[in-house]
Amino acid sequence: MGKVLALGQITQETINGWAEKFERRDGGYYCRKCGSRTLRTNCHVSIHLKEFGPLCAGPGKVIKINYPYCPNCDGKIDYAQACFHVGIGEMVPAMIKGGPGP
Ligand SMILES: [Zn+2]
């Protein structure tokens, strides 16, 4: 059994930052800290409305995106949970659907 990561509110910058923790070489992704090959799991992202301010409320739509992690530095992760706030009528930005992975 791995753990469930609760990431709280994430932004596009957060998601971009995930990719920066790993480097791509030899057709795979490796941890910049320890050199282990990355694994990936899902991050379940609840879409909330900015109009509700800091309240985490909204249409309740959940999308799944890739969450890359290092099994050595981060341990075994079953999945991650987060939320992403968008304005009414705003599109959910294209997230790293194919992000870093093994
Ligand atoms: Zn590592």
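**Figure 1. Confidence across the elements of the predicted model.** In this predicted model, helix 1 has the lowest mean pLDDT among the elements of the protein chain, at 86, whereas strand 1 has the highest, at 94. Averaged over the protein chain, pLDDT is 83, and 86% of the residues score at least 70. The stretch of residues 96-102 stays under 50, and for this stretch the model has 28 contacts beyond four places in sequence. Where pLDDT is low, the predicted coordinates should not be read in detail.

**Figure 2. Order of the elements along the protein chain.** The protein chain contains one helix and six strands, and these follow one another along the sequence in the pattern β-α-β-β-β-β-β. Of the contacts between residues at least 6 apart in sequence, 74% join residues that are at least 24 apart. Buried residues account for 19% of the 102 residues in the protein chain.

Figure 3. Four strands with mixed pairing make up an open sheet, in the order 1-6-4-5. Strand 1 (3-9) and strand 5 (62-69) stand at its edges, and because each has a single partner strand, one side of each is left without a neighbour in the sheet. Neighbouring strands of this sheet are turned against each other by 25° on average, with direction ignored. In a regular strand the side chains alternate between the two faces of the sheet.

**Figure 4. The two parallel pairings of strand 6.** Strand 6 (residues 77-86) runs parallel to strand 4 (residues 39-49), and eight bridges join the two; within this pairing, Leu49 has Val86 of strand 6 as its bridge partner. Strand 1 also runs parallel to strand 6, to which it is joined by five bridges, with Ala6 standing opposite Gln81 in strand 6. Strand 1 is hardly covered, since the count of buried residues among its seven residues is zero.

**Figure 5. Ser46 in strand 4.** Ser46 has its place in strand 4 and counts as partly exposed, with 18 C-beta neighbours inside 10 Å. Although Ser46 and Gly8 are 38 residues apart in sequence, their C-alpha atoms are 9.9 Å apart in space.

**Figure 6. The largest nonpolar core.** This core has 14 residues, and those with the most contacts inside it are Cys43, Val45, Ile65, Tyr67, Tyr69 and Ala80. At least two residues of the core are supplied by each of helix 1 (12-20), strand 3, strand 4, strand 5 and strand 6. In soluble globular proteins, nonpolar side chains tend to be buried together. Beyond residues up to four places away in sequence, Cys43 touches Ile65, Tyr67, Tyr79, Ala80 and Ala82.

**Figure 7. Ala80 and its surroundings.** Ala80 lies in strand 6 and counts as buried because it has 21 C-beta neighbours inside 10 Å, where the cut-off is 20 or more. When residues up to four places away in sequence are left out, Ala80 touches Leu5, Leu7, Thr41, Cys43 and Tyr67. For one of these residues, Thr41, which is 39 residues from Ala80 along the chain, the separation of the two C-alpha atoms is 7.7 Å.

**Figure 8. The hairpin of strand 2 and strand 3.** Strand 2 (residues 22-25) and strand 3 (residues 28-31) pair in the antiparallel sense, over four bridges. Arg25 has Gly28 of strand 3 as its bridge partner, and the hairpin has two residues between its strands. Asp26 is found in the loop between strand 2 and strand 3, and its phi is near 50°, a positive value in a residue other than glycine. Most residues other than glycine have a negative phi. Asp26 counts as exposed because 7 other C-beta atoms lie within 10 Å, where the cut-off is 12 or fewer.

**Figure 9. Phe22 in strand 2.** Phe22 is found in strand 2 and is buried, with 23 other C-beta atoms within 10 Å. Phe22 and Cys34 are 12 residues apart in sequence, and from C-alpha to C-alpha they are 10.0 Å apart in space.

Key. Residues numbered from 1 in each chain as written. Predicted model: local features only at pLDDT ≥ 70, side-chain atom pairs only at ≥ 80, totals over all residues. Pairing = 2+ DSSP bridges. Contact = placed C-beta atoms within 7 Å. Axes fitted to C-alpha atoms, helices over the stretch in contact; angles between N-to-C directions. Core = buried A, V, L, I, M, F, W, Y, C linked by C-beta atoms within 7 Å. pLDDT = per-residue confidence, 0-100.
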